[in-house]
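I opened this structure to look up its salt bridges, its sheet and its cores. These are my notes, in the order I made them.

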Amino acid sequence: MKKRWLTSSFALLFLLSGTLASAHPGRTDARGGHTCWTNCSRWGLEYGQYHYHNGGGSSSGSKKSSNSSSSASKRSSAQTSKPKPAKPTPSYKESGLKVYVNGNKINFTSAPLIIENTNLVPLRDLVTALGASMNYDPGSGTIGVAKGKSKVTLTIGSSTVFYNGKSETASAAPKIIHGITYVPVQVIVKGLGAGMDYSSGDHSFKITIK
């Protein structure tokens, strides 16, 4: 009987020691835990951390883990749902325009373009077909086209044009595209005193010049 009592006592003591090793002093609440306010570092806790005794998890630690997981999920979602930048659309397109000078069609070395609702054609091809002369200053971007007493002066990127020294505003500025200088057809035709008719049927300009 004595041996049995001693055996039971040792077993109870062993269970108590295991319980004490996984907990620290402090009164628990209805949920089986409490908030640590004293000697927290001794038990591996943070000051003010709510925790459970005997193997329970810390509520504050769980909350931090949940917040961290949620933040990571949001970052991942933001990265995957970021829209791809749209490809820039060109500010010009080929116009399919045909130009005739005194009945002869100009065979342009590069396709005429439409920019800002204005037809632009390769400058050198147009000047040659009109029998005019041309000079270009790359430093200032100034273009001079002349025939007889008529002279037109333009500047790359500027919509201001000079007809025999008198300034006006063109519907579009001359541009250099892929190394080709393009100018508005009407500007050159008007500056050289030529006549011009537009045919919508075949999308063509018919220029007459002496």
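**Salt bridges**

I began with K206, which is partly exposed at a relative accessible area of 38%; here buried means under 20% relative accessible area, exposed over 50%, and partly exposed in between, with a 1.4 Å probe and protein chains only. The model is predicted, so local features need pLDDT of at least 70 and side-chain atom pairs count only at pLDDT 80 or more, while totals for chains, interfaces and linings use all residues. Residues are numbered from 1 along each chain as its sequence is written, and side-chain values use heavy atoms, with hydrogens and water left out.

I looked for the partner of K206 and found a salt bridge with D202, the closest N and O atoms being 3.8 Å apart. The term stands for a side-chain nitrogen of Lys or Arg within 4 Å of a carboxyl oxygen of Asp or Glu. D202 is partly exposed as well, at 28% relative accessibility.

How many salt bridges does this rule give? The count is two. E168 and K190 form a salt bridge, with their closest N and O atoms 2.9 Å apart. This pair links distant parts of the chain, as E168 sits in strand β12 (residues 166-169) and K190 in helix α4 (residues 185-191), 22 residues apart. I noted the relative accessible area of each: 30% for E168, partly exposed, and 47% for K190, also partly exposed. Helices (H or I, at least four residues) and strands (E, at least two) are DSSP runs, numbered from the N terminus.

**The sheet**

I traced an open sheet of five strands in the order β3-β6-β7-β14-β13, with antiparallel pairing. Two strands pair if DSSP finds at least two bridges between them. β3 (92-94) and β13 (175-177) stand at the edges with a single partner strand each, so one side of each has no neighbour in the sheet. From one strand to the next the twist averages 35°.

Next I went through β14. Three bridges join β7 (residues 118-122) to β14 (residues 180-184), and the two run antiparallel. L120 has P184 as its bridge partner in β14, and P122 stands opposite Y182. On the β13 side there are also three bridges in the antiparallel sense, and K175 has Y182 as its bridge partner. The hairpin of β13 and β14 has two residues between the strands, and H178 takes a positive phi near 55° there. Four of the five residues of β14 are buried.

I then checked what lies across β7 and β14: it is helix α3 (residues 123-130), running at about 80° to β7. Axes are lines fitted to C-alpha atoms, for helices over the stretch in contact (heavy atoms within 4.5 Å), and angles run from 0 to 180 degrees between N-to-C directions.

**The cores**

A nonpolar core is a set of buried Ala, Val, Leu, Ile, Met, Phe, Trp, Tyr and Cys residues joined through side-chain atoms within 4.5 Å. The largest has 28 residues, and those with the most contacts inside it include V99, L126, V145 and I207. Among the elements giving two or more residues to this core are α3, α4 and β16 (204-208). Leaving aside neighbours within four places in sequence, I207 is in contact with residues including V99, L126, L130 and M196. Another core, of six residues, lies apart and has I115, L120, A172 and I177 among its members.
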